[in-house]
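Subject: Structure for you to look at

Hello,

Please find the structure below. My notes on it follow.

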Amino acid sequence: ANACTKPVGNLLIIEQDRMILSLGEFKTSKYLGRREIDLQKYEFLADHIRLFLQKSRPRLLLANQHKHLLVNCRGEPYSSSTYSAYLQSIFATHGIECRILSNALRHAFCTWLFEREDSLPSEMLQAVARACGHSIRAARQHYDDRSHQQHVQRAVDWINKSTMNTIAGDSACTQVVTTTTIKEQVESNNQIPGIGQIVALIASDSTRTCPKIFLAKILAFSKTEVQLHNMEKVYEGGNLYRPALGNQSVWWEDQSSVIWPIFITFDEEERGYRLHNTLGEIIEQGSS
């Protein structure tokens with residue numbers, strides 16, 4: 001071929017020590033030009049492609065002669081409709097009967113990512129956007145299917161979280177006690193909680209017949225006391241807690257009143273702390 005001829009279509013370029021996927025047919029190609037992906041970086045993929053070219057493809061080709069990489073059982077080029085039918089068969093085996101297209105899967109995956117962008121590193125979103133041939137802004141506009149009400153709720157959640165963090169003194173180093181940290185603390189006989197950890201206390205109106213507890217987050221220590229910030233139940237009878245608002249929710253308490261460790265984890269979706277101990281377990285621990 002003429003060396004000056006520009007490549008057309010999507011090509012797989014294989015040399016001794018490299019494998020390049022050169023893409024010229026995609027939706028934004030007229031703006032972005034050709035894209036090249038170094039498949040050699042993905043050794044498992046490059047090795048399987050070479051194995052397919054050496055063993056499987058020659059058997060599938062039969063008497064056909066063409067340069068299409070993927071072929072069907074008749075040796076003909078593998079069409080996009082055949083691939084879509086293959087995808088649908090996979091979903092059908094799991095009881096999902098609907099029209100599945102590869103582009104729909106891509107859209108669903110990107111939408112799932114951008115709906116969780118608050119909890120994902122920006123580098124990941126940038127990498128996904130680049131892989132899709134978009135900028136972050138364009139990818140968000142194209143793939144973010146959330147409604148206006150959901151976007152408003154996201155802003156409200158962010159304001160609530162920021163406010164609670166400011167009041168409660170939350171920081172990146174704040175620890176939430178998990179089963180692992182509890183085990184480590186117990187095994188090391190270190191029963192002193194740290195700043196930022198959540199503890200339990202027996203309520204002043206608690207009785208044997210009607211035991212009551214409440215939770216608080218540690219803000220500071222003195223020699224004999226601990227400064228606490230009250231944690232309120234989100235709903236009565238539940239086990240989800242959030243920092244209470246207002247200056248009256250912070251007070252000093254004798255260190256001996258604190259019950260710790262407790263099994264509590266942070267619920268990302270509910271934006272609150274979920275207590276896993278039972279009332280009886282905490283009461284028993286406080287009386288021991």
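Leu70 sits in the loop that runs between α2 (43–61) and α3 (80–92). This is a predicted model, so please read this and everything after it with that in mind. Leu70 counts as partly exposed, because its relative accessibility is 49%, and the cut-offs for that class are 20% and 50%. Together with Tyr78, Tyr83, Tyr86 and Ile90, Leu70 makes up a nonpolar patch on the surface. The accessible area of these residues together is about 460 Å².

The chain as a whole

The chain has 288 residues, and 26% of them count as buried. Its secondary structure consists of nine helices and 10 strands. About 19600 Å² of the chain is accessible surface, and carbon and sulfur atoms hold 54% of that. Among contacts with a separation of 6 or more, 44% are between residues 24 or more positions apart.

Confidence

The mean pLDDT of the chain is 77, and 77% of the residues reach 70 or more. Where is the confidence lowest, and where is it highest? The lowest value belongs to helix α8 (residues 179–187), with a mean of 39, and the highest to strand β4 (residues 198–202), with 92. The pLDDT is below 50 over residues 168–190.

Strand β6 (residues 225–233) and strand β7 (residues 240–243) run antiparallel and are joined by three bridges. In this pairing, Lys233 is opposite Tyr241 of β7. The two strands form a hairpin, with six residues between β6 and β7. Gly237 lies in the turn and has a positive phi of about 85°.

β7 also pairs with strand β10 (residues 272–275), again in the antiparallel sense, over two bridges. Here Leu240 has Arg274 in β10 as its bridge partner. β7 therefore has β6 as one partner and β10 as another, given that two strands pair if there are at least two bridges between them.

Salt bridges

How many salt bridges does a search of the whole structure find? The count is five. Side chains of opposite charge can pair when their charged atoms come close.

- Arg18 with Glu15, at 2.8 Å. Arg18 is partly exposed because its relative accessibility is 34%, and Glu15 falls in that class at 39%.
- Lys212 with Asp205, at 3.1 Å. Lys212 has a relative accessible area of 33%, so it is partly exposed; Asp205, at 45%, counts as partly exposed too.
- Arg271 with Glu268, at 2.7 Å. For Arg271 the relative accessible area is 21%, which makes it partly exposed, since buried means under 20%. Glu268 is partly exposed as well, at 47% relative accessibility.

When you go through the model, the hairpin of β6 and β7 and the surface patch that includes Leu70 are places to start.

Regards

Terms used: Residues are numbered from 1 along each chain as its sequence is written. This is a predicted model: local features need pLDDT of at least 70, side-chain atom pairs count only at pLDDT 80 or more; totals for chains, interfaces and linings use all residues. Side-chain values use heavy atoms; hydrogens and water are left out. pLDDT is the predictor's confidence in each residue, from 0 to 100. Helices (H or I, at least four residues) and strands (E, at least two) are DSSP runs, numbered from the N terminus. Contact means heavy atoms within 4.5 Å. Buried means under 20% relative accessible area, exposed over 50%, partly exposed in between (1.4 Å probe, protein chains only). Accessible areas come from the Shrake-Rupley method with a 1.4 Å probe; for residues, only the protein chains shown count as cover. Patches are made of residues with over 30% relative accessible area and no salt bridge: like charges are joined within 9 Å, nonpolar side chains (Val, Leu, Ile, Met, Phe, Trp, Tyr) within 5 Å. A salt bridge is a side-chain nitrogen of Lys or Arg within 4 Å of a carboxyl oxygen of Asp or Glu.
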